[in-house]
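Let's take a friendly walk through the salt bridges of this protein. Have the sequence and the 3D view ready.

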Amino acid sequence: VWGTRLQFCPDDPRHVIAAVRRGALVSRDAGLTWERIAALGTRDVLDVEFTSDCDRVYVSAYREGVFRLDGDVLSGPLNTGFDIEIARFQARLAASPDDRDVVLAATHTGLYRSHDGAATWHLIDAAPGLAVVDLASDPVHTWLTTAGSGLWRRTETTPWRRVTAMPRDFT
């Protein structure tokens, strides 16, 4: 399968999810065996993100939007508030380490945040001109890797700043 993302459960590194071209796969034995996540069907899954308790997974699906998977229950697409053309949707996700209902989505139009489990989204930063490749967060920083513009970070109180120790073509 053509994989686009691999995510480990923070509480149990043997629990792994892989975003793949036609759905998502899950392993509970550190990758020795895999099974397809039936609820996601054959969607073109770009990114998967566990919440810190690993009971919830956020999913970004190409041309569809964001989904939320609670156990075997799939909700979505959850696109309310995205000011983008969903037919071109691609997003990288990052879940809060402190609150399972808070999730970030980096798109070609900027960084969005949801405080309600992806039910609604709000643009929090346009990050102008950055072609986002990946997104990560910790309790203090949000990090973006980009295509051709380097590595960027910000906090709640500081604007985006390029990490100058990394080359501009870092992705």
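Which residue forms a salt bridge with Arg5? The partner is Asp134, and the closest N and O atoms of the two are 2.8 Å apart. Arg5 lies in strand S1 (residues 3–8) and Asp134 in strand S13 (residues 132–137), so this contact ties together parts that are 129 residues apart in sequence. Arg5 counts as buried because its relative accessibility is 19%, under the 20% cut-off. Asp134, at 22%, counts as partly exposed.

Please keep in mind that this is a predicted model. The count of salt bridges comes to 10; here are three of them.

| Pair | Closest N and O distance |
|---|---|
| Arg5 and Asp134 | 2.8 Å |
| Asp53 and Arg100 | 2.8 Å |

Asp53 is partly exposed at 28% relative accessibility, and Arg100 is partly exposed with a relative accessible area of 28%.

Next comes the pair from the last row. Asp70 is in strand S7 (residues 65–70) and Arg56 in strand S6, 14 residues apart. Asp70 is partly exposed at 22%, whereas Arg56 is buried at 9%.

How do salt bridges that share partners join residues, and which residues are in the network? They join Asp53, Arg56, Arg68, Asp70, Arg100 and Asp101 into one network.

Methods
Residues numbered from 1 in each chain as written. Predicted model: local features only at pLDDT ≥ 70, side-chain atom pairs only at ≥ 80, totals over all residues. Heavy atoms only, no water. Salt bridge = Lys/Arg side-chain N within 4 Å of Asp/Glu carboxyl O. Helix = DSSP H or I, 4+ residues; strand = E, 2+ residues; numbered from the N terminus. Buried < 20%, exposed > 50% of the residue type's maximum accessible area, 1.4 Å probe, protein only.
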